[in-house]
Amino acid sequence: MIRAAALLLVAASCAGLGFVKSQALSARIRDLLILRKILRLLTGEISYGGTPLPEAFYRIGGKVGEPFRDFLQDLSLDMRRYEGESFSELFDRNADCHLKGTRLTREDLEEWKEFGRMLGYLDREMQLSTLKSFDETLAWKIGEQKEGLPARKKLYQSLGVMGGLFLVIVFA
Amino acid sequence: MEHKELIRLFSGKVRRIMERASLDMAKVYEIRLRVGSPLLLIYSGEEFFVTEEGTLVREAKTAYQIQAEDVRETMEYIGNYSLYAYEDELRQGFLTVQGGHRVGIAGKAVLEDEKVKGIRHISCINVRVAHQQKGCADKVLPYLIEKGAFCHTLIVSAPRCGKTTLLRDIIRQISDGAGDCPGLTVGVVDERSEIAGCYLGVAQNDVGIRTDVLDCCPKAEGMMMLIRSMSPEVVAVDEIGASEDIRALEAVINCGCKILATVHGNSMEDVRKKPLLSRLVEEHVFERYVVLVGTPKAGSVQAVFDGRGTTLYRREVTA
């Protein structure tokens, strides 16, 4: 009886793992889309009003959910403290602190930080071209992720179920 | 922003030096940073260098020498890590920070079509600390109001004789209401952010409760914009002189608004010699002229005349 229950638990866990993994694929797309939203809002702030970054980040932070809100608003507050850190150091620190828990991959985060290193540099034209360039990168990433997403989700779910069944057969 | 907070805008090293110096910020007029040169202050009207320990000295050799890193870090703070946001101001060589303080910069000019597009390799920073002198117009204001109405007024002054300070206080007082004159709606075109010292569009100096400020806007265009949009009773501008300014002034007067303006000059003779302004003087367009001089101190009123040149006030010079 206990053995049967254990085997059932193993099968359910494996199926659940597959399901979680498939959901993570959608979650990454969702997080990448939030980054794109931030870029678009930032483009608006800079192109229309030439808003300085601390003010723009704080305002945009109010329009996105956690943990992106904390990332933007804490970055904005840090920028107003003038404690000797460069902008890229502040950006990196806040990205590490707040965005580690998202579904963005390590590569996504590195590219996001790289983008942060380019912000604030030179004139308005430069900011807008940096934003546009990173927006294109994100669009490409999202497109790539979306392509074959249902098939990959099904694959992870099936692998979870099949793996569970395999373990049940092995231990039975 | 309090004066103390102004110090936060400097690089860590310079900030610590200034904190050690325990300065009375009300006496600080200018703080100058030049790469490879000593940290310099204009304090109580005199020039001082500052040592690393925060002591004010006359000897440049013993003072703290500004590093390129100090200027770079200071510019990051002054520009909020976003110098692109101040492109228009930087093109003119200065920007205004919270508190209305003016930060002048110099470095290598970037040209485009033979026009200055910006400044890079910034190596000199001059922070001019804003000091609003409320009440400095008390003495002159009664001469500018006739039968409860404000008169078209031109302030004539040489540079650094306090014309903008006087202009700002007149604006504040007529906006809030002073003496027989009820509060008036004043439109200010602040081309160089000197009058209101706007930071992110908000006036940092007290320019009165009925004052609308058009910041960083060319004077002639700004005057017309204010007339169309804000229905001012008085339009105030600093340093008129160009032909388009004069045309805009006439348009403002034709709209029934009063004018409060300043112009560079040492005397009424100087104003009469200016081809564009002389016509307005001859036509008695201005009803009051206030002539300022720099002695015994900046902002001293030398004389007030009416539109026909009659002296209403003249400072007595003691031998």
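Predicted model: local features only at pLDDT ≥ 70, side-chain atom pairs only at ≥ 80, totals over all residues.
1. Strand S11 of chain B, residues 186–190, is joined to S12(B) by five bridges, and the two strands run parallel.

2. Now step back to the whole sheet. Eight strands of chain B make up an open sheet with mixed pairing, and their order is S12-S11-S13-S14-S10-S15-S16-S17. At the edges lie strand S12 (211–215) and strand S17 (311–314) of chain B, each of which pairs on one side only. On average, neighbouring strands here are turned by 15° against each other, direction ignored.

3. What packs on this sheet? Helix H6 of chain B, residues 163–176, does so, and the strands that this helix touches are S10 (153–157), S11, S12, S13 (234–237), S14 (258–264) and S15 (288–293) of chain B. The direction of the helix makes about 170° with that of S14(B).

4. The largest nonpolar core contains 53 residues, and B:Ile171 and B:Val188 have the most contacts inside it. Leaving aside residues up to four places away in sequence, B:Val188 touches B:Ile171, B:Ile195, B:Ala196, B:Val207, B:Thr211, B:Val213, B:Leu214 and B:Ala236. There is also a second, separate core of 35 residues, with B:Ile7, B:Ile31, B:Tyr77 and B:Val97 among them.

5. How does the radius of gyration of chain B sit beside that of a compact globule? A compact globule of 319 residues would have a value near 20 Å, so the 21 Å of chain B agrees. Taken along the principal axes, the box filled by the C-alpha atoms of chain B is roughly 60 × 55 × 35 Å.

6. Finally, please look at where the two chains meet. Here 14 residues of chain A are in contact with 11 residues of chain B. On the chain A side, helix H2 (53–61) and helix H6 (124–146) each supply at least two residues. The residues of that side divide into seven nonpolar, five polar and two charged.

Terms used. Residues numbered from 1 in each chain as written. Chains lettered and ligands numbered in written order. Pairing = 2+ DSSP bridges. Helix = DSSP H or I, 4+ residues; strand = E, 2+ residues; numbered from the N terminus. Axes fitted to C-alpha atoms, helices over the stretch in contact; angles between N-to-C directions. Contact = placed C-beta atoms within 7 Å. Core = buried A, V, L, I, M, F, W, Y, C linked by C-beta atoms within 7 Å. Buried ≥ 20, exposed ≤ 12 C-beta atoms within 10 Å, placed from the backbone. Rg over C-alpha atoms; globule rule 2.2 N^0.38 Å. Nonpolar A, V, L, I, M, F, W, Y, C, P; charged D, E, K, R; others polar.
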